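Me: I'd like to go through this model with you, beginning with the ligand site. Could you take it step by step?

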Amino acid sequence: MNRAIWLSAVSSLLLITCTGKAPGGGSPGAFRPGEIWPDTEGNPINAHGGGVLYQDGVYYWYGEIKSGETRLPVKNKTWTGTRVQAGGVSCYSSTDLVRWNNEGVALPPVADDPGHDLYPGNVIERPKVVYNESTRQYVMWMHIDSEDYSAARAGVAVSDNPVGLFVYRGSIRPDGSMSRDMTLFKDDDGRAYLVYASENNATLHISLLSPDYLSPGGTFIRVFEKRSREAPAVFKYGGRYFIVSSGCTGWDPNEAEYAVADSMLGTWTVRGNPCQGPDRDKTYFSQSTFVLAVADIPGAFIFMADRWDKQNLPDSRYVWLPLRIQGDTLSIAWRDSWDLTAFKE
Ligand code: GAL
């Protein structure tokens, strides 16, 4: 390091230490939607299409590992379904939601078996994890697919430890149905649900899982029939259940929509787009993946979304924004930079 660079590095460090401010402005503990988000080692967080589990005071963020070259397989040309090799599922941990430690690969791909679901030439997307109190296992479900997305399956893996390694148990077509974009939701009563885009993405299914969360329990409902909703994110507040979802336009952004119900298997009422202000019709150029309940701040939820870059998928960014709930009305507004004090405004 030459002297000028060294001096500049030291003065930046002093600036942060003395003032609590990062050189670009804003506090170091801030969310900056759409910007590169470094982990605690300074590497961009690689956890796309992800979800967060809160367990014993720690948040665990699981997501798709996207690295390497972005290419467009011939079979996906008509819908610009670009791909990178599936890199498995990452896990990061945090206690403040801003600083994330890389816990490594929670579910590695299987590079030496082209017939395996986790072969890098296949699709491993939208992993979500819940904890099963009775089996004491962490259960991960994910979207498993062939390169051209024609297999449309859901895969499941388990671990005794939140950071893995997870052991892959195989994939199914849940309830005998196609399954692509998906999420998991665990209710206060311990029941867990697999929510997946089915019927060739035309209709969403909500399926009650077996008590061990490892398979569908046989009860499911069809919702938003023929409305082509995907990227579902589910949460519960004030005794009501909410689903935020996107339209189906591949990697391109579109308008979000939410719906509300009194029970997971009940009647869902579509309420419209929760996003406000400029670019609300494109979800601020992002797509829903999860809604995170902030521990210790009742009613504080974070809308988590992916800003996909279909030409360079590893450079896809994260858009996390505060979600406001008034009665059964949701609203999301853009912020360049924010922190958890936003929930006290
Ligand atoms: C989107 C989906 C993403 C990914 C992408 C592939 O519709 O939400 O998770 O599958 O298509 O083009």
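Me: How does the shell around the ligand divide into nonpolar, polar and charged residues?

Reply: The shell holds three nonpolar, two polar and four charged residues, where Ala, Val, Leu, Ile, Met, Phe, Trp, Tyr, Cys and Pro count as nonpolar, Asp, Glu, Lys and Arg as charged, and the others, Gly among them, as polar. Please keep in mind that this is a predicted model, in which local features need pLDDT of at least 70 and side-chain atom pairs count only at pLDDT 80 or more, while totals for chains, interfaces and linings use all residues. Residues are numbered from 1 along each chain as its sequence is written, and side-chain values use heavy atoms, with hydrogens and water left out.

Me: Which residues are around the ligand?

Reply: They are Trp 79, Glu 125, Arg 126, Tyr 149, Asp 181, Glu 230, Gly 250, Trp 251 and Gln 287, each with a heavy atom within 4 Å of the ligand.

Me: And how far is the side chain of Glu 230 from a ligand oxygen?

Reply: An N or O atom of the Glu 230 side chain is 2.4 Å from an oxygen atom of the ligand, which falls inside the limit for a polar contact (a pair of N or O atoms within 3.5 Å). A polar side-chain atom of Trp 251 is 3.4 Å from a ligand oxygen, and for Gly 250 a polar backbone atom is 3.4 Å from one. The protein buries 95% of the 310 Å² that the ligand exposes when taken alone, with areas from the Shrake-Rupley method and a 1.4 Å probe.

Me: Switching topic, how many aromatic pairs are there?

Reply: The count is 22, taking rings of Phe, Tyr and Trp (its six-membered ring) as paired if their centres lie within 6.5 Å, with planes under 30 degrees apart stacked, over 60 edge-to-face and the rest tilted. Trp 37 and Trp 320 are edge-to-face, because their ring centres are 4.8 Å apart and their planes at 80 degrees. Phe 235 and Phe 242, by contrast, are stacked, at 4.9 Å centre to centre and 15 degrees between the planes.

Me: Are Trp 37 and Trp 320 buried or exposed?

Reply: Both are buried, that is, under 20% relative accessible area, with exposed meaning over 50% and partly exposed in between (1.4 Å probe, protein chains only).

Me: Last one: where is the cis peptide bond?

Reply: The bond runs from Gly 164 to Leu 165, with omega near 0 degrees. Most peptide bonds are trans.

How values were computed
Polar contact = N/O pair within 3.5 Å; in protein donor to acceptor, adjacent residues only side chain to side chain.
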